[in-house]
Every structure is written in C-alpha cells, then in structure tokens.
Amino acid sequence: QLRLAAAEGLAKLSFVSRLLDERVLQCLLVMLFHPSSEEDVRLRQCLAVFFPSFSLRREENNSSLCKMLPTLLSTLLRPPEDSPLRELPTIQTLGYLYSLIDGVHNRRTAIINTIHEIYADVSNIHVKGLAKLAMSISTNGFTLQHYQTISTLLEQEDAGIDHLLQRTLNKWKAEIDNKMKELENVYDDSTSDPEEVKSPNK
C-alpha cells in the first residue's frame with residue numbers, strides 16, 4: 001500500500017505540474033512495467049491512466065517524457081549488475097514510452113537519440129528490437145533537413161553490426177530516403193525553400 005500511495009502522490013503532483021522531474025517519471029514508468037507490480041492491479045491501473053493523460057495535458061509534459069529517453073535507454077540497455085532493472089521487459093517498456101512521445105521536435109529527437117544508442121553498442125541484444133521500435137515513430141511534419149539528418153546518421157559503419165541488424169538499418173534508411181524523395185518531387189517546380197518543406201499531416 002505504501003508503494004501505491006507513493007505512486008499516486010507522485011503522479012498527481014506531476015499531472016498538475018507541481019513536480020516535473022524526469023527521474024520521477026522514469027521511476028513511475030519502471031513501477032508500471034516491473035514484474036513486481038504485476039499483482040498490484042490498482043497501481044498499474046493508476047499509472048496506465050496517468051501516462052497518456054499526462055503526455056496529452058501540456059506540451060511541456062510531452063517534452064519531459066522525451067527528455068528522459070536518453071537516460072532510460074542507457075539504463076535499460078545496460079543495467080547495473082544485480083539491478084532489479086534487469087527484470088524489466090526492455091522493448092515493451094521503451095515501446096510504451098515511444099507511443100507517448102509526440103510533436104515534430106520530440107519525435108525527431110527520440111529518433112536521433114535512439115540511433116546514437118544503437119551505434120553506441122551494436123552488440124546489445126536489444127538493439128534490433130530498438131531499431132524496429134524507432135522505425136515505427138511517425139515522421140509526419142518532418143522537413144527535408146530532418147530526413148537528411150536521420151539518413152546521414154544511418155550511414156554509419158560498424159564492423160560489429162551483425163547481418164540482421166544491418167538489414168534492419170538499411171531498410172530504415174531506405175524508408176527515410178524514399179520520404180525525402182517524395183518531398184523533393186512535390187516541390188521540384190516550386191520556388192519554396194526545400195529545407196522548410198514539411199511532410200503532410202504535421
């Protein structure tokens with residue numbers, strides 16, 4: 001009951017913007033997905049309602065979720081020895097966070113942070129799943145410059161990348177390059193600055 005009371009209190013303070021701390025949000029997310037809370041139905045219900053409501057309430061809230069992503073990525077992909085974080089379903093937890101992140105800037109930042117993390121440790125057992133998650137992030141509203149940045153990051157070479165991961169990254173880059181070409185074709189005869197052209201459905 002103490003854990004439930006603490007989670008509810010922190011969630012309420014975060015929701016009304018009395019406490020906006022990425023470390024608190026990360027702690028609540030871990031509570032939601034950690035196996036130790038599996039039998040605590042009230043706790044999981046509380047947090048399952050909190051996160052979507054929090055992310056949609058204010059733009060600043062969504063930015064806070066995006067800001068905690070680099071730390072969460074590093075922590076979940078390389079948890080300390082004997083840490084309870086090793087018991088977390090890594091891809092499921094990260095996938096949930098990705099589903100909450102919205103806005104062109106936040107989505108672009110999430111993609112870039114993920115690519116950096118993938119190349120930081122290409123031998124990690126979770127990077128293939130991580131790449132597939134990042135591929136699913138919407139790029140609606142991205143400009144040509146956004147696509148070019150992502151495409152360039154995906155051109156990196158690493159001798160440690162295995163065949164399956166490389167195939168996933170190549171597919172991802174091909175998708176990004178195709179979206180760039182679509183924007184370029186639309187504005188071939190336009191006098192608009194192509195760098196400011198955005199993909200539809202911002």
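Leu-65 counts as buried, at 0% relative accessibility, where buried means under 20% relative accessible area, exposed over 50% and partly exposed in between, with a 1.4 Å probe and protein chains only. The structure is a predicted model, in which local features need pLDDT of at least 70 and side-chain atom pairs count only at pLDDT 80 or more, whereas totals for chains, interfaces and linings use all residues. Residues are numbered from 1 along each chain as its sequence is written, and side-chain values use heavy atoms, with hydrogens and water left out.

The protein has 10 helices and zero strands; helices (H or I, at least four residues) and strands (E, at least two) are DSSP runs, numbered from the N terminus. Along the principal axes, the C-alpha atoms fill a box of roughly 65 × 40 × 20 Å. Of the 202 residues, 46% count as buried. The accessible surface amounts to about 10900 Å², and carbon and sulfur atoms contribute 50% of this area, as computed by the Shrake-Rupley method with a 1.4 Å probe, only the protein chains shown counting as cover for residues. Among contacts with a separation of 6 or more, 75% join residues 24 or more positions apart, a contact being defined by heavy atoms within 4.5 Å.

Leu-65 lies in helix α4. Apart from neighbours within four places in sequence, Leu-65 is in contact with Leu-25, Phe-51, Phe-54, Ser-55, Leu-97, Leu-100 and Ile-101. Leu-65 and Ala-110 are separated by 45 residues in sequence, and their C-alpha atoms are 9.9 Å apart in space. Ser-64 belongs to helix α4 as well, which spans residues 59-67. Ser-64 is buried, because its relative accessible area is 5%. With neighbours within four places again set aside, the contacts of Ser-64 are Leu-20, Glu-22 and Leu-25.

The largest nonpolar core contains 60 residues, of which Leu-28, Phe-51, Leu-94, Tyr-98 and Trp-172 touch the most other members. Such a core is a set of buried Ala, Val, Leu, Ile, Met, Phe, Trp, Tyr and Cys residues joined through side-chain atoms within 4.5 Å. Helix α2 (residues 22-33) supplies the largest share of this core, eight residues. Beyond neighbours within four places in sequence, Leu-28 is in contact with Ala-7, Leu-10, Ala-11, Leu-47, Phe-50 and Phe-51.

In helix α9 (residues 144-153), the buried residues are Leu-144, His-146, Tyr-147, Ile-150, Ser-151 and Leu-153. An α-helix has 3.6 residues a turn, so residues three or four places apart point the same way. The cover over the buried residues of α9 includes α7 (104-120) and α10 (163-186).

The count of disulfides is zero, a disulfide being a pair of cysteine sulfur atoms within 2.5 Å. For Cys-46, the closest cysteine sulfur is in Cys-27, 12 Å away, which is too far for a bond. Cys-46 is buried, with a relative accessible area of 19%. For Cys-66, the closest cysteine sulfur is also in Cys-27, at 20 Å, again too far for a bond. Cys-66 counts as buried, at 4% relative accessibility.

The mean positions of the 22 positive and 27 negative charges lie 6 Å apart. Lys and Arg count as positive and Asp and Glu as negative, while His and the chain ends are not counted; each charge is placed at NZ of Lys, CZ of Arg, CG of Asp or CD of Glu.
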